[in-house]
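Q: I am new to this structure and would like to learn how to read it, one feature at a time. Could we begin with the overall picture and then turn to the details?

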Amino acid sequence: MILHIDMDAFFASIEQAINPRLKGKPLVVGSRAHKMRTVVCAASYAAKALGIHSGMPSKDAFSICPNLEFVAADQAKYIWTSGEIFELLKGFGFLLHYASVDEFQMDIQGYPEPLKLAAQIQEQIYANFNITASVGIAKNWLLAKLASKINKPNGVTLINEGNFKDILSATPLIKAYGMAGKTGQILLAQGLKSCWDLYLNLPGFFTENPGKFEEMPEKPRSVSHAYTLPRAQTNPRFISAWIRVLSEMVGLRLRQKNLTARTVQLWLNIPQKGDFLVQKTCSIATNDSYEIYLRILKLMAGMPQKRPKIRALGVSASHLSPQEYHPLLIEEKRREALVKAIDRINSRFGDNSIFPAQVILTHK
Amino acid sequence: MHQNSFNPQARWDRFEPDKAGFNPDALAERIEVLAYFKNARIYPKAFLWSNKEYKIDNITYNWQERLGQALVSYFSVVSSGQLYQISFNNSTFRWQIDKIIP
């Protein structure tokens, strides 16, 4: 049995806990401070009721509700709260995993009173953080996650054999995990409207899914970072600076995990033209951010369009393996020493205490 | 703790411009704080800012952030109906007012 805890409008709820004036009001948390040039990364329930949702451009949200309250995201408080909730949940003594920053999965196999446990979890989260969570309970993680979405906010839903058909029949297909995108659209076009329709056609989707716990690999398959620019840009120096930033972030995470990557991938979103994706696999693996950056620039140079207008971009590294290569050449050794020194400085004085000068271009 | 597929520490604002540029409301002014420490937690009770004393009526939230080896504790506090964010850096032992929350 899996118990899935899904925090209700997590970022927005934390901001409302901080500032009681915002409670009950339509509120969005934006990923950047400029409220008209950002994307909604969380919406309160009052905002959701107006049709405002995550991923929506903030100016669209303000056109729906001109009196919308706005707070710029401050990740430190969300990450800290997520970590504290994880620690609190660990106290219940079950196997526990992060599903995302605001979702947790607990394996409660054999526990006789899951509904009582869910209520205790909700109470403790509210008592400690003044925010609410919804809980879903079912025989596997996919159904438990689905259940957690049914009675939001602050609800508990148990899916068992008795209500399995009723709940799946009443739940639109796109609510199922993995069905919000193209797959869901294809199945909708084939006439599958509810999760029950999906079950009748693909019963294994709900019943044979082993669970996210078992699916977790020993090491990640890829490491990636992406960023949406405040507005579409053509300036190659600005774009390169952002590629540098993302390469730095990818390289740092590889080094933290003691991994190297042979393949680098560049993703660009070009308005009106869609997504552009290109990758290259090299014989020598690396986790040096600058080397990743240079490899990505080569990919960029191969683009047919020389000054594309770019709205979002991403850098990804895959074909990962443990770091085993030790540099032999003096230049390589010096480079490795430099990277280690930079990592030590940032570890001692805080992220971004020292960074490539080129990154300054992204601050404009 | 298995976090292979998800890293809660991965931050998109890692390379955002510094706080002063990122947040135009940032004050970052040194203050004096009367606080007590109990069970490894900090409870600010009052602060002195620009020679005026502000009695803290309520702490609405608190959180922490690691900046290198320093641990910064943040508090959103209410004084006379106004909300403030103050913080304490355990490396420099500096209290500061970060911003007035509207």
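A: Let us begin with the terms: helices, of at least four residues, and strands, of at least two, are DSSP runs, and they are numbered from the N terminus. The model shown here is a predicted one, and in it chain A has 14 helices and 12 strands. The radius of gyration of chain A is 23 Å, close to the 21 Å that the globule rule gives for 364 residues, so the chain is as compact as a globular protein of that length.

Q: What box do the C-alpha atoms of chain A fill, and what percentage of its residues count as buried?

A: Taken along the principal axes, the box is roughly 70 × 50 × 45 Å. Of the 364 residues of chain A, 36% count as buried. As for contacts along the chain, if we take those between residues at least 6 apart in sequence, 61% of them join residues at least 24 apart.

Q: How should I read a sheet, and in what order do the strands of the open sheet in chain A run?

A: In general, strands of a sheet pair through backbone hydrogen bonds, either parallel or antiparallel. In chain A, 4 strands form an open sheet in the order S9-S12-S10-S11, and their pairing is antiparallel. The edge strands, each of which pairs on one side only, are S9 (222–233) and S11 (274–286) of chain A. From one strand to the next, the twist averages 15°.

Q: Over how many bridges do strands S10 and S12 of chain A pair?

A: Strand S10 (residues 259–270) and strand S12 (residues 310–322) of chain A pair over 10 bridges in the antiparallel sense. To find a position in the model, look for A:Ala261, which stands opposite A:Leu320 in S12(A).

Q: Is helix H1 of chain A mostly covered or mostly uncovered?

A: A residue is called buried if 20 or more other C-beta atoms lie within 10 Å of its own. Helix H1 (residues 10–18) of chain A is mostly covered, with 8 of its 9 residues buried; among them are A:Phe10, A:Phe11, A:Ile14 and A:Ile18.

Q: At what angle do the axes of H1(A) and H4(A) cross, and which residues make the contact?

A: The axes of H1(A) and helix H4 (residues 75–90) of chain A come within 10 Å and cross at roughly 100°, which means that H1(A) is roughly perpendicular to H4(A). The contact is made by A:Phe10, A:Phe11 and A:Ile14 of H1(A), together with A:Lys77, A:Tyr78 and A:Thr81 of H4(A). By class, this contact of H1(A) with H4(A) has 4 nonpolar, 1 polar and 1 charged residues.

Key. Residues are numbered from 1 along each chain as its sequence is written. Chains are lettered from A and ligands numbered from 1 in the order in which they are written. This is a predicted model: local features need pLDDT of at least 70, side-chain atom pairs count only at pLDDT 80 or more; totals for chains, interfaces and linings use all residues. Two strands pair if DSSP finds at least two bridges between them. Axes are lines fitted to C-alpha atoms, for helices over the stretch in contact, and angles run from 0 to 180 degrees between N-to-C directions. A residue is buried if 20 or more other C-beta atoms lie within 10 Å of its own, exposed if 12 or fewer, and partly exposed in between; C-beta atoms are placed from the backbone. Angles under 35 degrees count as roughly parallel, over 145 as roughly antiparallel, 65 to 115 as roughly perpendicular and the rest as oblique. Two residues are in contact if their C-beta atoms, placed from the backbone, lie within 7 Å. Ala, Val, Leu, Ile, Met, Phe, Trp, Tyr, Cys and Pro count as nonpolar, Asp, Glu, Lys and Arg as charged, and the others, Gly among them, as polar. The radius of gyration is taken over C-alpha atoms; the globule rule is 2.2 Å times the number of residues to the power 0.38.
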